[in-house]
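Reader: Can you walk me through this one? Keep it short, please.

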Amino acid sequence: MDATPDTPANRLDRRKARTRAALIDAACRILESPRGTDASISEITELADVGLGSFYNHFAGKAELFDAAIATTLDTYGRLFDSATEGLTDPAEVFAAGVRMTLRLNRSHAQVARTMAGVGMSYLDRDDGLAPRALRDLDAARACGRFDIDDLSAALACTAGSLLGCLHLVTRDPDLDTDRIADELAANLLRMFGLSKADAQEVAHRPLRTPTPERS
């Protein structure tokens, strides 16, 4: 098959893609900093090493950029979760691990967690990132008889709502024990979906693998 010709239009598309990616990467880094969403557009473009005018060729404003940055972060963490749960044979454990790791974003990506808690369901109920993985894990646990679920959409909504509520708690009070709350949340959800109290507690307190960050 012939390679795609390197035309001026193709080169322009690559430059646009690089600029957009640089802006999103800068926004991701800013979200992990104390400045967070208070950073100005000029600060973002300076960090991205792009012209201020280029910003508006890709995003209508900061809100749209930060939405894209959080979606990118959640998708990245989703893939890390997949890697960290690879080889687990109990689908209930896979689901619980996803819940526990997600709430722990409060420690690894505190600004992202605060933004998610403040904005609400839109970051957990979307077609990329964490929501489709949670739905996948719920379905797998139901299919093998580990979970008793009649409506997967309702189960996903319960999971997302509970996660947001707990994110709100741990982001508002830094003295709270995020690990303990994450594990208890997972246990409560497991019980909601049909596991006994003893089984849910055992599954929710199994050793949790630490996701390995992807190399850039």
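Author: Cys 28 counts as buried, because its relative accessibility is 12%. Buried means under 20% relative accessible area, exposed over 50%, and partly exposed in between (1.4 Å probe, protein chains only).

Reader: And is Cys 144 buried or partly exposed?

Author: Cys 144 is at 45% relative accessibility, so it counts as partly exposed.

Reader: How many disulfides does a search of the whole structure find?

Author: Zero disulfides turn up in that search. A disulfide here is a pair of cysteine sulfur atoms within 2.5 Å.

Reader: What should I know about the model itself?

Author: It is a predicted model: local features need pLDDT of at least 70, side-chain atom pairs count only at pLDDT 80 or more, and totals for chains, interfaces and linings use all residues. Residues are numbered from 1 along each chain as its sequence is written, and side-chain values use heavy atoms, with hydrogens and water left out.

Reader: What is the mean pLDDT of the protein?

Author: The mean is 86, and 88% of the residues reach 70 or more. pLDDT is the predictor's confidence in each residue, from 0 to 100.

Reader: New topic. Where does Asp 183 lie?

Author: Asp 183 is part of helix H10 (residues 178-192). Its relative accessible area is 10%, so Asp 183 is buried.

Reader: What does Asp 183 touch?

Author: Leaving out residues up to four places away in sequence, Asp 183 touches Arg 100, Arg 104, Ala 204 and His 205. Contact means heavy atoms within 4.5 Å.

Reader: Now rings. How many aromatic pairs does a search of the whole structure find?

Author: Five. Rings of Phe, Tyr and Trp (its six-membered ring) pair if their centres lie within 6.5 Å; planes under 30 degrees apart count as stacked, over 60 as edge-to-face and the rest as tilted. One of the pairs is Phe 55 with Tyr 56, edge-to-face, at 5.1 Å centre to centre and 75° between the planes.

Reader: Why is the pair of Phe 147 and Phe 193 tilted?

Author: Their planes are at 45°, so the pair is tilted, with ring centres 5.5 Å apart. The pair links distant parts of the chain, 46 residues apart. Phe 147 sits in the loop between helix H8 (131-143) and helix H9 (152-172), and Phe 193 in the loop between H10 and helix H11 (197-204).

Key. Helices (H or I, at least four residues) and strands (E, at least two) are DSSP runs, numbered from the N terminus.
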